[in-house]
Amino acid sequence: MTTRATAPVTPSEAAALDRARALALNGRGRVSPNPLVGAVVLRDGVTVAEGWHEGPGLPHAEAMALAAAGDAARGATVICTLEPCSHHGRTPPCAHALVDAGVARVVVGLADPLERERAGGVAVLREAGVEVVLAEGAARHACAELVSPFLTAALTGRPEVTLKLATSLDGRIATATGESRWISGPASRALVHRWRADADAVAVGLGTALADDPRLTARDVDGPVRPPARVVFDTTARLPLDAALVRDAADGPPVIVLAGEAAPADRVAALRERGVEVEVLPGDAPARLDAGLRALGARGVQSLFVEGGAVLAGALVAAGAVDRVAWFLAPMLIGGDGAPSALAGEGVRELSAAPRLIDTRTEDVGGDVLVTGRLRPLPGGG
Ligand SMILES: NC(=O)c1ccc[n+]([C@@H]2O[C@H](COP(=O)([O-])OP(=O)(O)OC[C@H]3O[C@@H](n4cnc5c(N)ncnc54)[C@H](OP(=O)(O)O)[C@@H]3O)[C@@H](O)[C@H]2O)c1
């Protein structure tokens with residue numbers, strides 16, 4: 001192990017880490033079950049090569065950047081958004097590749113908690129005399145955001161759950177007559193399609209499937225997209241056979257119904273005949289919710305984008321199952337005692353028990369106010 005002092009991240013390295021994050025995002029909607037990772041090779045503060053991970057089975061970001069750098073990697077600094085791997089997966093370990101390439105220094109955006117179980121990429125590099133510096137503060141946090149679905153799934157066995165809702169300023173998701181299209185504006189809805197494309201699966205409750213007959217596909221999104229699976233929480237397998245989701249279940253992206261043991265066998269069979277995958281989950285409602293998320297995790301779903309409605313959203317929040325929130329507040333007032341509010345169920349009785357968002361951001365999206373934040377801290381201690 002080297003004992004020499006490690007120089008802190010320089011301004012050119014910090015800028016390269018920003019660039020590496022942007023490169024990592026090229027893999028959006030494609031890399032799962034692998035993480036989004038980007039890498040930049042610097043010589044004397046100048047970029048000589050870049051790489052990002054493009055998908056399962058393909059070279060890791062560091063390997064791409066090293067290949068692009070060639071001999072220029074010797075003595076260079078490599079910036080990685082995530083700690084280089086130290087284990088043989090489908091591709092050789094990146095930490096060893098960096099050592100073999102003769103790299104002098106590595107800047108790591110986020111130490112990978114999964115590497116703690118292994119030799120550890122940072123440890124391998126340091127053992128070989130490569131100087132390693134770990135990013136801190138906002139840079140580290142941003143790198144943790146890149147890999148939160150990957151780490152959540154690896155550490156908990158269930159997907160990272162993002163709850164997206166659109167409400168009027170007075171917190172209603174529909175009118176008293178059930179009309180909800182559209183509360184948010186076109187720019188917000190376009191963003192939702194981008195987010196659907198980024199997710200491994202998109203989910204709604206049966207009430208929304210019945211009321212809106214959605215397709216839950218990612219439409220009009222730039223770049224290559226692996227279509228997300230579509231999930232309906234539907235205890236008794238009541239999803240109609242002529243629903244849009246069922247009609248293209250066999251030919252479109254997978255449709256998964258999360259049902260309970262009370263689901264009649266003929267309903268389950270009819271859905272399966274049409275290409276719908278039905279998971280029959282044991283237990284009461286909270287147990288089924290947990291089992292449903294775990295079943296999705298076992299299928300490789302690392303990111304679940306939940307689009308309501310109020311009953312499912314309320315159940316997920318009450319169960320503490322929501323990791324991220326994306327909330328559009330449209331500048332309109334619906335009002336009326338019969339108009340549903342965003343979260344059904346009992347809610348909290350005391351303000352001190354109300355779940356509070358952390359890492360909150362607010363922005364204007366075409367006149368709607370978008371509030372994003374987390375209900376659980378980023379995995380990896382970002
Ligand atoms: N503005 C928005 O962002 C937005 C978004 C979505 C929907 N909406 C509107 O909201 C309305 C529908 O919402 P909704 O609240 O009636 O229905 P919902 O939340 O979409 O679906 C609720 C149903 O899901 C089923 N379910 C299965 N497992 C569940 C679980 N573990 N927890 C909770 N529910 C589970 C339950 O029916 P079973 O027990 O029979 O399975 C439950 O009645 C529509 O008017 C729709 O247009 C608005």
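1. A backbone N or O atom of valine 311 lies 2.8 Å from an oxygen atom of the ligand. For leucine 206, the corresponding separation between a backbone N or O atom and a ligand oxygen is 3.2 Å, and for a polar backbone atom of glycine 178 it is 3.5 Å. A polar contact here is a pair of N or O atoms within 3.5 Å; within protein, one must be able to donate a hydrogen and the other to accept it, and residues adjacent in sequence count only if both atoms are side-chain atoms.

2. The ligand taken alone exposes 930 Å², of which the protein buries 81%. Accessible areas follow the Shrake-Rupley method with a 1.4 Å probe, and for residues only the protein chains shown count as cover.

3. There are 25 residues around the ligand, and Ala166, Ser180, Thr208, Thr235 and Arg238 come nearest. A residue qualifies if one of its heavy atoms lies within 4 Å of the molecule.

4. This is a predicted model, in which local features need pLDDT of at least 70 and side-chain atom pairs count only at pLDDT 80 or more, while totals for chains, interfaces and linings use all residues. Residues are numbered from 1 along each chain as its sequence is written, and side-chain values use heavy atoms, with hydrogens and water left out.

5. The domain assignment (automatic or from a database) gives domain 1 (11-146) and domain 2 (158-374). Their C-alpha centres lie 34 Å apart.

6. Contact (heavy atoms within 4.5 Å) joins 8 residues of domain 1 to 12 residues of domain 2.

7. The two domains carry 2 salt bridges between them. The side chains of arginine 28 and aspartate 198 form a salt bridge at 2.5 Å, N to O; the criterion is a side-chain nitrogen of Lys or Arg within 4 Å of a carboxyl oxygen of Asp or Glu.
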